[in-house]
Amino acid sequence: MLYQRSSQLFVEANEVIPGGVNSPVRAFKGVGGFPIFIKEAKGAYLFDEDGNRYIDYINSWGPMILGHAHEPVVNAIVEKAKKGTSFGTPTELETKIAALAISMVPNIDKIRFVNSGTEACMSAIRLARGYTKRDKIIKFSGCYHGHSDSFLIAAGSGLSTFGVPNSPGVTVGTAKDTLLAKYNDLENVKGLFEANKNEIAAIIVEPVAGNMGCIPPKEGFLAGLKQLCEENGAVLVFDEVMTGFRLAKGGVQELYNVNADIVCFGKVIGGGLPVGAFAARNEIMNMLSPLGPVYQAGTLSGNPLAMAAGYQMLLELNASSEIFTRLDEKTAYLEKGIHEVLSKNNIEFTINRVGSMISVHFDKNEVYDFETAKNGDNETFKKFFHELLKRGIYIAPSAYETWFITDALTYEDLDYTIKCIDEVAKVL
Ligand code: PLP
């Protein structure tokens, strides 16, 4: 494949945008080389500026469940745009999408729309703090909740480690209120509650983790978190920015039958436009401004175009459960195929999958938290990534990202992918 135009565009972008990208993972730093500039996309495919076609396993990091440029979503955006793109007033569509989302997701009475997953998680934590009148939160190493200060905290060790900032600009004062725990380790979380009695406002967790590869919660982990929160007067926040409306209509709460107190959404809920949302029961949501004292706002929140795209997307996802079954079947087929060809070629690997989220770790041992995720062989991953890219298969340019499957993928696409992985395995 030729990447002449992409490489030139990257040079030009670097002149005017830090690192040439508007979000760091796009820069290919984890895998080397330069990023591919995408010109357009349709269904399961991306087309780059040099005219190359790729089967897309990133899908805008999750939202394109129905495929790129899905016609009903595009039409909804176009029709809305003709009537004005932002008013800064309430619109009927906001109520419609809110009511629809509430009907799909368990245990929520009200929802507020924001502009990104970061905003959703940041606001959820403020709300949890306002509700409990406490300051500290627990987050898990390897879970990502956006780039708000409280979440950019490095992993520490030991039972009651205080967080330390891992980005300049995050103050020590902010970091000290974020306690780090190990994913899938309830004893660790219990220890943090014991060491910080009546101080912890919330646990925030990716209930199926997707930012250290895909890592499923171990049996009893989510229910255990819920119980610990109840026993200690803290709020359980599920960050369903990746999993919401993807793993089931009602997200992880429905799939694992555990209710959170606050749920955060992003990605899917905007049908590919910049949207996030957070939701909870009335008791918590009524604390929010203008009803209550916890302030939260946004000039473009509930933007008509984003609401139109999101509403159309949710309508289709709500129409039947078949789409979730299809996504699961397609991803299971891919998992089985990858398993067969990597085994046949004597590659050491582990595949983790929940529904349409899947990741391949180049390590033969179980991957269940950030430490075990880091054991993967990154050099092998880099080669794997570039060899697949050459063959027109676009997976996330990082060993710590999940692949997201779209319903637009055909079994021919999946067979081609498996065939390519078989070829690539021979040169790893
Ligand atoms: N939460 C999770 C689980 C995410 O994966 C992400 C982004 O990838 C975010 C929050 C932040 O969302 P955004 O990038 O829309 O701010």
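Two strands pair if DSSP finds at least two bridges between them. Helices (H or I, at least four residues) and strands (E, at least two) are DSSP runs, numbered from the N terminus. The views below come from a predicted model, where local features need pLDDT of at least 70, side-chain atom pairs count only at pLDDT 80 or more, and totals for chains, interfaces and linings use all residues. Residue numbers start from 1 along each chain as its sequence is written.

**View 1. Strand β14 and its two partners.** Strand β13 (residues 350–354) pairs with β14 (residues 357–361) in the antiparallel sense. Five bridges link β13 and β14. Across the pair, T350 stands opposite H361 in β14. Two residues lie between the strands of this hairpin, and G355 takes a positive phi near 50° there. Strand β14 also runs antiparallel to β16 (residues 403–404), joined by two bridges. Here I358 stands opposite W403 in β16.

**View 2. Cover over strand β14.** A residue is buried if 20 or more other C-beta atoms lie within 10 Å of its own, exposed if 12 or fewer, and partly exposed in between; C-beta atoms are placed from the backbone. By this rule, five of the five residues of β14 are buried. M357, S359 and H361 point one way from the strand. I358 and V360 point the other way.

**View 3. The annotated lysine, K267.** An unreviewed UniProt entry gives K267 the annotation "modified residue: N6-(pyridoxal phosphate)lysine". UniProt positions are given in the numbering used here, feature names are shortened, and annotations may be inferred rather than shown by experiment. K267 sits in the loop between β11 (262–266) and β12 (276–280). Is K267 buried or exposed? K267 counts as buried, because it has 29 C-beta neighbours inside 10 Å. Leaving out residues up to four places away in sequence, K267 touches W61, G62, P63, G117, V241 and M242. Contact here means that the C-beta atoms of two residues, placed from the backbone, lie within 7 Å.

**View 4. The shell around the ligand.** A residue is near a molecule or strand if its C-beta atom, placed from the backbone, lies within 6 Å of it. Of the 16 residues around the ligand, S116, G117, T118, G146 and V241 come nearest. Which helix gives the most to this shell? Helix α4 (residues 117–132) does, with three residues. By class, the shell has five nonpolar, nine polar and two charged residues. Ala, Val, Leu, Ile, Met, Phe, Trp, Tyr, Cys and Pro count as nonpolar, Asp, Glu, Lys and Arg as charged, and the others, Gly among them, as polar.

View 5. Most residues other than glycine have a negative phi, and most peptide bonds are trans. S60 is not a glycine, yet has a positive phi of about 60°. S60 lies in the loop between β3 (53–56) and α2 (71–81). S60 counts as partly exposed because it has 15 C-beta neighbours inside 10 Å. N198 also has a positive phi of about 60° and is not a glycine. Its loop runs between α6 (186–195) and β9 (200–205). N198 is exposed, with 11 other C-beta atoms within 10 Å. The peptide bond from S289 to P290 is cis, with omega near 10°. P290 lies in the loop between α9 (282–285) and α10 (304–319).
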